[in-house]
Amino acid sequence: MFDLDRWQEIWITITRNKMRSFLTAFGVFWGIFMLVVMAGAGYGMQNSIISGFDGFAVNSAFFFTNRTSEAYKGFRKGRSWDFQNEDLSILKSQVKELQYISPMLLGGRRDNNTVRQDKYGSFHIKGLHYNYTKIDPLDILKGRFINEIDLEERRKVCVIGKKVYEDMFDVDENPIGQLIKVNGIYYSIIGVVEPVVTNVNIGGNNREAIILPYTVMQQTYNRGDVIDCIAITAYSNIPISDVEEKVKSILKQKHSIAPNDNQAVDDFNAEKMFKMISNVFTGVNVLIWIVGLGTLISGVVGVSNIMMVTVRERTKEIGIRRALGAKPLSILVQIMNESLLLTSLAGFFGLAAGVGLLSLVDMALGEQEKGQGFFLHPQIPFSMAVTAAVILLASGIIAGIIPSLRALQVKAIDAIREE
Amino acid sequence: MITLKNINKTYNNGSPLHVLKGIDLIIEKGEFVSIMGASGSGKSTLLNILGILDNYDDGEYYLNKVLIKNLTETQSAVYRNKMIGFVFQSFNLISFKNALENVALPLYYQNISRKKRNLIAMEYLDKLGLKDWAQHMPNEMSGGQKQRVAIARALVAKPQVILADEPTGALDSKTSVEVMEILKEVNADGMTMIIVTHDPEVSRKTRKIIHIKDGVIGNITNND
């Protein structure tokens with residue numbers, strides 16, 4: 001039931017009292033503005049962090065060795081132990097759910113461990129299997145990654161991270177086939193990589209790593225058949241937590257570790273970590289909504305309060321209107337509509353200002369390097385804007401209820417009562 | 001036109017106060033009447049009842065043969081709008097509306113379109129010589145002009161009766177005379193006019209003076 005004339009009447013009342021209307025509207029403007037900006041910031045943070053995990057195999061786990069905590073089969077407790085090459089084949093044959101498995105050797109980052117001509121630097125040294133990229137994907141910028149033959153023939157080759165390339169080579173120099181000395185041994189460079197995932201680093205960031213075939217690393221570092229870490233992924237329809245337990249018990253059995261020893265095998269479960277992160281963001285979002293709605297409610301209370309004062313101030317006007325023949329309903333509708341119009345106008349300005357500010361921030365951030373910024377695309381989804389609009393309309397009505405009931409109590413007789 | 005039969009009104013604020021003690025009054029169509037009395041005599045209460053602004057306890061009030069009794073707020077709003085035009089001592093114009101909008105307001109509550117009611121309102125402003133002031137706000141006008149706007153507003157809905165409560169109370173003597181002349185002219189066009197006042201200068205201009213004292217009607221004098 002749209003009545004143009006009524007809205008004109010309301011619009012005149014609002015615009016002829018600019019200061020009053022502005023003050024009334026500001027609370028709601030501010031509430032919705034804060035809600036949008038905070039939610040946008042939350043989403044920006046979330047986007048930034050989640051983009052740093054993008055591409056990482058969720059269904060994956062990493063295993064490390066630790067000292068035993070139980071005496072078992074004649075071994076004392078507190079014994080150190082290591083994974084061995086044959087563990088890989090045992091796991092592969094006994095755990096059918098395993099999709100990929102990659103051993104990992106970590107060489108640490110000693111001071112100036114890498115030299116090439118007149119350049120030197122300190123980088124992480126890792127020994128990997130070619131399957132590793134199935135778990136933690138790497139962008140190949142130049143050349144290729146480690147292959148089966150490299151592992152088999154123990155070729156002295158390496159793949160370097162982007163940062164290593166930038167530090168050890170001149171701009172636009174071709175690194176492929178060049179030699180680089182790592183801890184006293186020369187390796188031929190076969191590729192340059194950049195990590196896809198920036199927020200998960202195992203054994204150091206791959207941008208700053210020199211990656212060797214793990215068999216080569218075992219040989220050149222005199223590590224025998226020892227492996228520091230085993231990385232696995234399960235088939236996508238199998239929860240990694242199930243596989244994790246199976247792998248652990250096989251490893252314990254193989255290495256004579258008590259089945260109830262909870263310390264000997266350390267592991268890192270990506271699924272659990274992602275779940276935790278998503279829980280953190282659910283928490284952050286709930287907090288944002290609580291604070292935002294709180295701000296909005298205080299805005300609505302402000303509107304209601306000012307409308308109350310307004311009604312009191314307008315007792316005479318309302319009385320005159322009543323004397324001239326305004327029905328109670330028309331006064332009720334008038335005050336409600338004023339409240340509704342003010343809150344929704346102010347709210348939509350607040351919504352627009354909030355989204356505008358977020359867009360400005362987004363533009364100012366520009367195309368930042370991946371994983372570098374705190375924020376990435378701080379925006380609110382359309383559904384949230386719609387929710388906010390609905391909340392606004394509802395709060396406009398709520399804000400109007402008490403003042404319009406108060407206005408109803410104004411009798412025409414009040415208009416002619418001389419003060 | 002107006003018939004009051006044994007109207008009684010008691011206010012119950014703390015101790016009951018019997019304000020109107022059986023008012024019987026008949027006012028014919030086209031009369032020009034003033035109601036006079038000291039403060040506390042009950043003349044304001046009588047005006048409120050005549051204007052359907054207040055209820056009464058006992059008796060009967062017929063306005064244009066309609067019994068005005070126990071009406072809902074909505075019904076009384078409709079009767080006020082259609083049958084009664086008010087002129088107040090302090091003008092009671094809406095301060096953020098210009099003269100034209102103020103005059104048009106009663107028509108707004110009759111759901112008459114903006115275009116049409118502004119046309120009618122302009123006609124009445126013109127009658128009262130305020131055509132050039134239509135777009136002015138009340139605070140830009142003199143007291144006399146404001147009261148003329150108020151009279152235009154009282155007339156615009158073509159009511160049965162005009163109730164004026166001390167219409168010259170806030171005006172200087174020269175303007176008072178002008179306003180009374182206007183009310184006289186309006187009455188001359190056939191409008192029933194009831195003025196409540198305590199000013200003998202004002203009541204002298206009306207044709208019939210009803211004296212009210214302690215809630216009962218005293219003597220009625222004719223000025224012819």
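What do the buried residues of α1(A) pack against? In this predicted model, where local features need pLDDT of at least 70, side-chain atom pairs count only at pLDDT 80 or more, and totals for chains, interfaces and linings use all residues, side-chain values use heavy atoms, with hydrogens and water left out. Residues are numbered from 1 along each chain as its sequence is written, while chains are lettered from A and ligands numbered from 1 in the order in which they are written.

Back to that helix. The buried residues of α1(A) pack against α2 (18-51), α10 (315-323) and α11 (328-365) of chain A, and also against α3 (99-108) and α4 (114-127) of chain B. Packing here is judged by contact, meaning heavy atoms within 4.5 Å. The residues in question are A:Asp5, A:Glu9, A:Ile10, A:Ile12, A:Thr13 and A:Ile14, with buried meaning under 20% relative accessible area, exposed over 50%, and partly exposed in between (1.4 Å probe, protein chains only). Helices (H or I, at least four residues) and strands (E, at least two) are DSSP runs, numbered from the N terminus. Helix α1 of chain A covers residues 4-15, and its twelve residues should span 16 Å at 1.5 Å a residue; the end C-alpha atoms are 16 Å apart, so the two agree. The expected span is 1.5 Å times one less than the number of residues.

The contact between the chains takes 29 residues from chain B and 26 residues from chain A. About 2,600 Å² is buried between them, and carbon and sulfur atoms give 56% of that; buried area is the accessible area (1.4 Å probe) that two parts lose on being put together, summed over both. On the chain B side, B:Phe96, B:Tyr109 and B:Arg114 lose the most area to chain A, together 26% of what that side buries. The interface has one salt bridge, a term that calls for a side-chain nitrogen of Lys or Arg within 4 Å of a carboxyl oxygen of Asp or Glu. B:Glu73 and A:Arg322 form a salt bridge, with their closest N and O atoms 2.1 Å apart.

Over all chains, the salt bridges come to 22. One of them joins A:Lys254 to A:Asp87, with 3.2 Å between the closest N and O atoms. A:Lys254 sits in helix α8 (residues 240-254) of chain A and A:Asp87 in helix α3 (residues 85-94) of chain A, so this pair ties together parts that are 167 residues apart in sequence. A:Lys254 is partly exposed at 29% relative accessible area, whereas A:Asp87 is buried at 1%. Another pair is A:Asp267 and A:Lys248, whose closest N and O atoms are 3.7 Å apart. Here strand β14 (residues 265-269) of chain A holds A:Asp267 and helix α8 of chain A holds A:Lys248, so the parts tied together are 19 residues apart in sequence. A:Asp267 is partly exposed at 27%, and A:Lys248 is buried at 15%. Elsewhere in chain A, salt bridges link A:Arg144, A:Asp150, A:Glu153 and A:Arg155 in a network.

In chain B, B:Glu201 meets B:Arg204 in a salt bridge (3.2 Å, N to O). The two are three residues apart in helix α7 (residues 200-205) of chain B, which means about one helical turn separates them. B:Glu201 is partly exposed at 46%, and B:Arg204 is exposed at 53%.

Chain B also has an open sheet of four strands in the order β2-β1-β4-β5, with antiparallel pairing; two strands pair if DSSP finds at least two bridges between them. Its edge strands, β2 (17-27) and β5 (66-67) of chain B, each pair on one side only. Strand β1 (residues 2-11) of chain B pairs with β2(B) over eight bridges, and B:Asn8 has B:Lys21 as its bridge partner in β2(B). Further along chain B, strands β9 (residues 208-213) and β10 (residues 216-222) pair in the antiparallel sense over five bridges. They form a hairpin with two residues between them, and B:Asp214 in the turn has a positive phi of about 50 degrees. B:Lys213 has B:Val216 as its bridge partner in β10(B).

Positive phi values turn up in chain A loops as well. A:Lys73, which is not a glycine, has a positive phi of about 50 degrees; A:Lys73 lies in the loop between β1 (60-65) and β2 (83-84) of chain A and is exposed at 57%.
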